[in-house]
Amino acid sequence: MKILMLSSTFPYPPSRSGTEVRTFNLLKYLQKDHQVTVVAQRSPDVTDEDITGLQDHVSDLKIFPILADERKGAIAKGKRLFSSFWEGKPQNVIHRYLKDIQTLVLEGVEQGKYDAITCEHSANAVYLRPELKNRVGMVVNVHSSMYWGTKNAIDTGASENPWRDRLYLPVLYRYEKQYSQITDKLVVTTVDDQKQLQIFAPASKIEVIPNGVDLELFPYRTHDPGGYTLAFVGSMDLTHNMDAAIFFAKKVLPQLRQRYPEVKYRIIGNRPTPQIKALANQPGVEVTGRVPSMVEALHQTTICVVSLQTGFGIKNKTLEAMAAGVPVVGSDRGLEGLDADSTALRANTVEEYIETISRLFENPELRAKLSQNGRKLIEDRFTWEQMGKKYEETLANARSR
């Protein structure tokens, strides 16, 4: 197949965030047997080395800028909000939209250059048009729903500005319903996501393709380090990760340290915001920023805590910790999409986190059991090779609809 892959973020190196990890690994699989043209937008933190690295994994790479918005002040903010409501598109979608990319898509289909278009994340679905239907297979790899993610943040009290987000929900609903009804196939990461997207497009076939792990990059650890080291992993400029880390550091950790004064809580991930960096002033908290090797950091961890309170979809951080052999304590959101009864411990309240973590600190046999079961689960059901094959089949079916 000749595949056009649209990515509003730059999917290399595959360690920036969950979106980039998923995009890159599916791309890597498809490129083995197909011609993949990747269209990506370059943010200021993308280096020339990153571009060279990605070029090794594609047939053709077309890079476009992310245009800076120089408008400042309340009036400019009001104009952006008005445009969003008027067009029925989220502000971040409007901001990243480029006419040059739209022209590339339309002319490429007109000239028969592509058999299928895949939009990596729903933000890229803005380039799909009704007139492309029956001319090229169109797939939106949703990653996570903007509407349902925002609604969940409001419902759980995690929204930074619930009044604004409630006002904004109709725009997100309208946008996601529109692209859901245009595209040939929707791809999501969990059954819960599937049920939610089905509301937008009841007649659509929505494929569930979870995330995976590269087992060579995340080998199983050779020993349990013991001790009292907890870790939270993720890009630390994303709201759901920030919310999870702040909740644990401020609500759970102080009480846990009353039992175990030696406990260290490591917040590991790129781009920590000032709010996250400030957590390092608390006893027992370390904010590492980007680390040279994520798997080495995991191997040195006693327990990986996935304390997410918002956000839908299966979590790379959970899968990678399991692959590395690290016992996981996670919330309902952190363990979404997993049969986690024998592979992780579940916690949602402060008391549940303290109880489950204490059990693991005190019970090396339980840590060993979760470690072994978690690794086996990933090997059996969550490798990128398995997910890439499913994605390839989805694109082929969209093309031959």
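What follows is a walk through this predicted model, from its overall build down to a few individual residues.

Some ground rules first. Residues are numbered from 1 along each chain as its sequence is written, and side-chain values use heavy atoms, with hydrogens and water left out. Since the model is predicted, local features need pLDDT of at least 70 and side-chain atom pairs count only at pLDDT 80 or more, while totals for chains, interfaces and linings use all residues.

Let's start with the whole thing. The protein has 15 helices and 13 strands, where helices (H or I, at least four residues) and strands (E, at least two) are DSSP runs, numbered from the N terminus. Its radius of gyration is 21 Å, close to the 21 Å that the globule rule gives for 401 residues, so the protein is as compact as a globular protein of that length. That radius is taken over C-alpha atoms, and the rule is 2.2 Å times the number of residues to the power 0.38.

On to packing. Of the 401 residues, 56% count as buried; buried here means under 20% relative accessible area, exposed means over 50%, and partly exposed is in between (1.4 Å probe, protein chains only). Now take contacts, meaning heavy atoms within 4.5 Å: among those between residues at least 6 apart in sequence, 69% join residues at least 24 apart. The protein exposes about 17,800 Å², with carbon and sulfur atoms supplying 50% of it. Those areas come from the Shrake-Rupley method with a 1.4 Å probe, and for residues only the protein chains shown count as cover.

For a close-up of a buried spot, zoom in on Ala116. This residue is found in strand β4 (residues 116-120) and is buried, with a relative accessible area of 0%. Leaving aside residues up to four places away in sequence, Ala116 touches Lys2, Ile3, Leu4, Val136, Gly137 and Leu395. As for Tyr29, it is 87 residues from Ala116 in sequence and 16 Å away in space, C-alpha to C-alpha.

Next, charges. There are 51 positive and 48 negative side chains, and the centres of the two sets lie 4 Å apart. In that tally Lys and Arg are positive and Asp and Glu negative, with His and the chain ends not counted; each charge is placed at NZ of Lys, CZ of Arg, CG of Asp or CD of Glu.

A salt bridge is a side-chain nitrogen of Lys or Arg within 4 Å of a carboxyl oxygen of Asp or Glu, and by this rule the count comes to 18. One of them pairs Glu286 with Arg266 at 3.1 Å, N to O. Glu286 lies in strand β10 (residues 285-289) and Arg266 in strand β9 (residues 264-268), so the pair ties together parts that are 20 residues apart in sequence. Glu286 is partly exposed at 30% relative accessibility, whereas Arg266 is buried at 15%.

Another bridge joins Arg346 and Asp332 at 3.0 Å, N to O. This pair links distant parts of the chain, with Arg346 in strand β13 (residues 345-346) and Asp332 in the loop between β12 (328-330) and β13, 14 residues apart. Both partners are partly exposed: Arg346 has 39% relative accessibility and Asp332 has 37%.

Lys376 and Asp380 give you a bridge within a helix. Their closest N and O atoms are 2.6 Å apart, and the two residues, 4 apart in helix α14 (residues 364-381), are separated by about one helical turn. Asp380 is partly exposed at 43% relative accessibility.

Salt bridges can also join up: Asp45, Asp237 and Arg271 are linked in a network of them.

Last stop, the peptide bond between Tyr12 and Pro13, which is cis with omega about -5 degrees. Pro13 is found in the loop between β1 (2-7) and α1 (18-31).
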